[in-house]
Amino acid sequence: MIVYRLKELATDRGWDKTKVHYASGVSYPTVLRIWNNDKVKQIDMKVLDMLCETFNCRPCDLIDRVDNAAAN
């Protein structure tokens, strides 16, 4: 299962969803869905790039794969 690590990355820096939205330029609903790993079936490459630019990271820092059993 693919999971997004936006929440962990942001909270490690003391950021909340609103700060991520304003700093990255990604729409708040999109930030919220990624933050909560809520029904995100795909992520636009532009959004991924905007988040990587904001956090000065690589895509693999924002996305992870976990075993389905571990995710439950």
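Analyst: A helix here is a DSSP run of H or I that is at least four residues long, and helices are numbered from the N terminus. The model is predicted. The part to look at is helix H2, which covers residues 17-24.

Begin at the start of H2. There, a side-chain oxygen of Asp 16 comes to within 3.3 Å of the backbone nitrogen of Thr 18.

Ser 24 also lies in H2. Is Ser 24 buried or exposed? Buried means under 20% relative accessible area. Ser 24 has a relative accessibility of 10%, so Ser 24 counts as buried. A polar atom of the Ser 24 side chain is 3.1 Å from the backbone nitrogen of Val 26. Leaving aside residues up to four places away in sequence, Ser 24 touches Met 50, Leu 51 and Thr 54. After H2 comes Gly 25, with a positive phi near 85°.

Next, the neighbours of H2. One of them is helix H3, residues 28-35; the axes of H2 and H3 come within 9 Å and cross at roughly 130°. Angles from 65 to 115 degrees count as roughly perpendicular and those over 145 as roughly antiparallel. The crossing of H2 past H3 is right-handed. On the H2 side, the residues that meet H3 are Lys 17, Thr 18, Val 20 and His 21, and their partners in H3 are Tyr 28, Val 31, Leu 32 and Trp 35. Sorted by class, the residues of this contact are 5 nonpolar, 2 polar and 1 charged.

Another neighbour is helix H4, residues 45-55, whose axis comes within 9 Å of that of H2 and crosses it at roughly 100°. H2 and H4 are therefore roughly perpendicular to each other. In this contact, Val 20, Ala 23 and Ser 24 of H2 meet Met 50, Leu 51, Thr 54 and Phe 55 of H4. The classes here are 5 nonpolar and 2 polar, with no charged residues. Val 20 is listed in the contact with H3 and again in the contact with H4.

Last, the loops beyond these neighbours. Asn 37 sits in the loop between H3 and H4. Its phi is positive, near 50°, although Asn 37 is not a glycine. With a relative accessible area of 34%, Asn 37 is partly exposed. Asn 56 is in the loop between H4 and helix H5 (59-62). Phi of Asn 56 is also positive, near 50°. Asn 56 has a relative accessible area of 71% and is therefore exposed.

How values were computed
Residues are numbered from 1 along each chain as its sequence is written. This is a predicted model: local features need pLDDT of at least 70, side-chain atom pairs count only at pLDDT 80 or more; totals for chains, interfaces and linings use all residues. Side-chain values use heavy atoms; hydrogens and water are left out. Helices (H or I, at least four residues) and strands (E, at least two) are DSSP runs, numbered from the N terminus. Buried means under 20% relative accessible area, exposed over 50%, partly exposed in between (1.4 Å probe, protein chains only). A polar contact is a pair of N or O atoms within 3.5 Å; within protein, one must be able to donate a hydrogen and the other to accept it, and residues adjacent in sequence count only if both atoms are side-chain atoms. Contact means heavy atoms within 4.5 Å. Axes are lines fitted to C-alpha atoms, for helices over the stretch in contact, and angles run from 0 to 180 degrees between N-to-C directions. A crossing is left-handed if the near helix is turned anticlockwise from the far one by less than a right angle, and right-handed if clockwise. Ala, Val, Leu, Ile, Met, Phe, Trp, Tyr, Cys and Pro count as nonpolar, Asp, Glu, Lys and Arg as charged, and the others, Gly among them, as polar. Angles under 35 degrees count as roughly parallel, over 145 as roughly antiparallel, 65 to 115 as roughly perpendicular and the rest as oblique.
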